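This briefing concerns one protein structure, shown below. Please read the notes that follow alongside the sequence and the coordinates.

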Amino acid sequence: MKRLLGKMVMRITGWRVEGSLPDTPKLVLIAAPHTSNWDLLYLLTLAWSVDIRVAWMGKHSLFRGPLGLVMRSFGGIPVRRDRRNDLVQQMAERFAKADRLVLTVQPEATRARVEFWKSGFYRIAMAAGVPIHLGFLDYERRTGGFGASVTPTGDIAADMTVIRDFYA
């Protein structure tokens, strides 16, 4: 049902999908750039249209009351950004327990334009031993999709150069 809904919304809004996710059961999917409140809707619609169940992290206040049930059913994971709670380790444990997990992370950690990304997505992928896949939303071309995969080597500077080159 979600796949049909996703394809229908994509068609109605004029969006299209480019590329595809690798056939890997576990990965961190970068969702960039994160500049709009609409990003989540387009991400979910795009994922549903290609039959991918994504998990995503959002600030805990989005998960209050009945809306929390909806957000969780759409793959949401509440995160307390006002506390230090070893989020990297928590996400690595989720990967260890799951048979399949596509964890979507917005590396900016905010909708505002930032010069440098947070390294959480990289540290989660390293701790979980999973690849990072490069996803994107291009509002100008009404295209969302999937680029290359990067296997974290531990040399964050070199790996981030590859990632930055893709998003350039």
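Predicted model: local features only at pLDDT ≥ 70, side-chain atom pairs only at ≥ 80, totals over all residues.

Residues are numbered from 1 along each chain as its sequence is written, and side-chain values use heavy atoms, with hydrogens and water left out.

- Helices (H or I, at least four residues) and strands (E, at least two) are DSSP runs, numbered from the N terminus.
- Strand 2 covers residues 26–32, and six of its seven residues are buried, so the strand is largely enclosed by the rest of the structure; buried means under 20% relative accessible area, exposed over 50%, and partly exposed in between (1.4 Å probe, protein chains only).
- Strand 2 pairs with strand 5 (residues 101–105) in the parallel sense, over five bridges; two strands count as paired if DSSP finds at least two bridges between them.
- Within that pairing, leucine 29 is opposite threonine 104 of strand 5.
- Strand 2 also runs parallel to strand 6 (residues 132–138), and five bridges join the two.
- Valine 28 has isoleucine 132 of strand 6 as its bridge partner, and alanine 31 stands opposite glycine 135 in strand 6.

- Strand 6 is antiparallel to strand 7 (residues 143–150), with six bridges between them.
- Phenylalanine 136 is the bridge partner of glycine 145 in strand 7.
- Strands 6 and 7 form a hairpin with four residues between them, and arginine 142 in the turn has a positive phi of about 50°.

**Helix 5**

- Helix 5 spans residues 120–128, and its buried residues are Gly120, Phe121, Tyr122, Ile124 and Ala125.
- The cover over those buried residues includes strand 2, strand 3 (54–59), helix 4 (87–97), strand 5, strand 6 and helix 6 (156–167).
- Glycine 129 follows helix 5 and has a positive phi, near 70°.

**Isoleucine 30**

- Isoleucine 30 belongs to strand 2 and is buried, with a relative accessible area of 0%.
- Leaving aside neighbours within four places in sequence, isoleucine 30 has contacts that include Val105, Pro107, Trp117, Phe121, Leu134, Phe136, Ile163 and Tyr167; contact means heavy atoms within 4.5 Å.
- The C-alpha atoms of isoleucine 30 and leucine 103 are separated by 8.4 Å, with the two residues 73 apart along the chain.

**Salt bridges**

- The structure holds three salt bridges, each defined as a side-chain nitrogen of Lys or Arg within 4 Å of a carboxyl oxygen of Asp or Glu.
- Arginine 16 and glutamate 18 form one of them, at 3.0 Å from N to O.
- Arginine 16 is partly exposed at 42% relative accessible area, and glutamate 18 is partly exposed at 26%.
- Glutamate 18 also meets arginine 141, at 3.2 Å from N to O.
- Arginine 141 lies in the loop between strand 6 and strand 7 and glutamate 18 in strand 1 (residues 16–18), so this pair ties together parts that are 123 residues apart in sequence.
- Arginine 141 and aspartate 138 meet in a salt bridge at 2.9 Å from N to O.
- Arginine 141 is partly exposed at 40%, and aspartate 138 is partly exposed at 22%.
- Through shared partners, the salt bridges join Arg16, Glu18, Asp138 and Arg141 into one network.
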